[in-house]
Each structure stands twice: as C-alpha cells, then as structure tokens.
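Student: I have a protein model open on my screen and I would like to learn how to read it. Could you walk me through a few features?

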Amino acid sequence: MLHEVPGCKVKELTVEPGKSLSMQKHFKRSEFWLVTEGRCDLNSMMGNGYKLPVKTLTTHANTFIPVGDWHQLTNPYDVPCRIVEIQYGEECVEEDILRRE
C-alpha cells in the first residue's frame, strides 16, 4: 500500500504475464487505475449486467471502475503490468469485495 486515509487508499497492483485477478465488484468504493508499466486487458460488466468490450490498457492509460461494476484484469502479454489503484468511497477495506466464480 502506498497511502491510506479515511475514504481513500492508494495501492500498487502487479499482474504477472499469463496471470489474472479475480472477477470482482465492490459495494462501497469506486476505483481509478493508472497503468505505470506494461499492458493488460480489462474485462468489465456494468452493475445492470451489460458486458462491456474488453479494453486493453497500455502504459499511461487510465480507467474508472464505478461502485457495483464487475471488473477483472488479465495479462496475456510477456511483461508484468503494474497499476496504481486509487480506491475511494464510503469504505476502502478488503472485506468490500464480491468475487465471481
């Protein structure tokens, strides 16, 4: 973790080549991501169930994940993908997560 105050947390995520994070959503926070190195693919679905097209995030790209939207990062590329994640909202705790099988 890089920084934390009530209602805001800043972390760095690394997705190694060939790996992915779980498909997940949050009920009390939004997230803003900035890719600092590498690239990865964002799979996401709006809270109403509408699946968005896969979005490739490259170095310096950013994206916003609203409260309640499903999201997952995958890295099918040859280098690690590093992301600065800014969580903000009512609560920024690890327990605010629902993972999808």
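Tutor: Happy to! Keep in mind that this is a predicted model. Let's begin with a loop: histidine 60 sits in the loop between β6 and β7 (62-65).

Student: Is histidine 60 buried or exposed?

Tutor: Histidine 60 has a relative accessibility of 64%, so it counts as exposed. The cut-off for exposed is over 50%. Now look at the backbone. Most residues other than glycine have a negative phi. Histidine 60 is not a glycine, yet its phi is positive, about 80°.

Student: Let's step back to the whole chain. How many helices and strands are there in the protein?

Tutor: The protein has 0 helices and 10 strands. Along the sequence the pattern reads β-β-β-β-β-β-β-β-β-β. The radius of gyration is 13 Å, close to the 13 Å that the globule rule gives for 101 residues, so the protein is as compact as a globular protein of that length. The C-alpha trace spans about 35 × 30 × 20 Å along its principal axes.

Student: Which strands pair with β5?

Tutor: Take strand β6 (residues 55-58): it runs antiparallel to β5, and 4 bridges join the two. Here aspartate 41 stands opposite threonine 56 in β6. Strand β8 (residues 70-74) also pairs with β5 in the antiparallel sense, over 5 bridges. In that pairing, leucine 42 has leucine 73 in β8 as its bridge partner.

Student: How many residues of β5 are buried?

Tutor: β5 is mostly covered, with 6 of its 7 residues buried. For the protein, buried residues make up 39% of the 101 residues.

Student: And which residues make up the largest nonpolar core?

Tutor: First the general idea: in soluble globular proteins, nonpolar side chains tend to be buried together. In this model, the largest nonpolar core has 11 residues, including Leu13, Val15, Trp33, Leu42, Leu73 and Cys81. At least two residues of this core come from each of β2 (8-15), β4 (29-37), β5 (39-45) and β9 (81-89).

Student: Could we zoom in on one of them? What is valine 15 in contact with, leaving aside its neighbours within four places in sequence?

Tutor: Valine 15 is then in contact with Ser20, Leu21, Leu73, Thr74, Asn75, Pro80 and Cys81. Contacts across the sequence can be counted for the protein too: of those with a separation of 6 or more, 78% are between residues 24 or more positions apart.

Note on methods:
Residues are numbered from 1 along each chain as its sequence is written. This is a predicted model: local features need pLDDT of at least 70, side-chain atom pairs count only at pLDDT 80 or more; totals for chains, interfaces and linings use all residues. Side-chain values use heavy atoms; hydrogens and water are left out. A nonpolar core is a set of buried Ala, Val, Leu, Ile, Met, Phe, Trp, Tyr and Cys residues joined through side-chain atoms within 4.5 Å. Buried means under 20% relative accessible area, exposed over 50%, partly exposed in between (1.4 Å probe, protein chains only). Contact means heavy atoms within 4.5 Å. Two strands pair if DSSP finds at least two bridges between them. The radius of gyration is taken over C-alpha atoms; the globule rule is 2.2 Å times the number of residues to the power 0.38.
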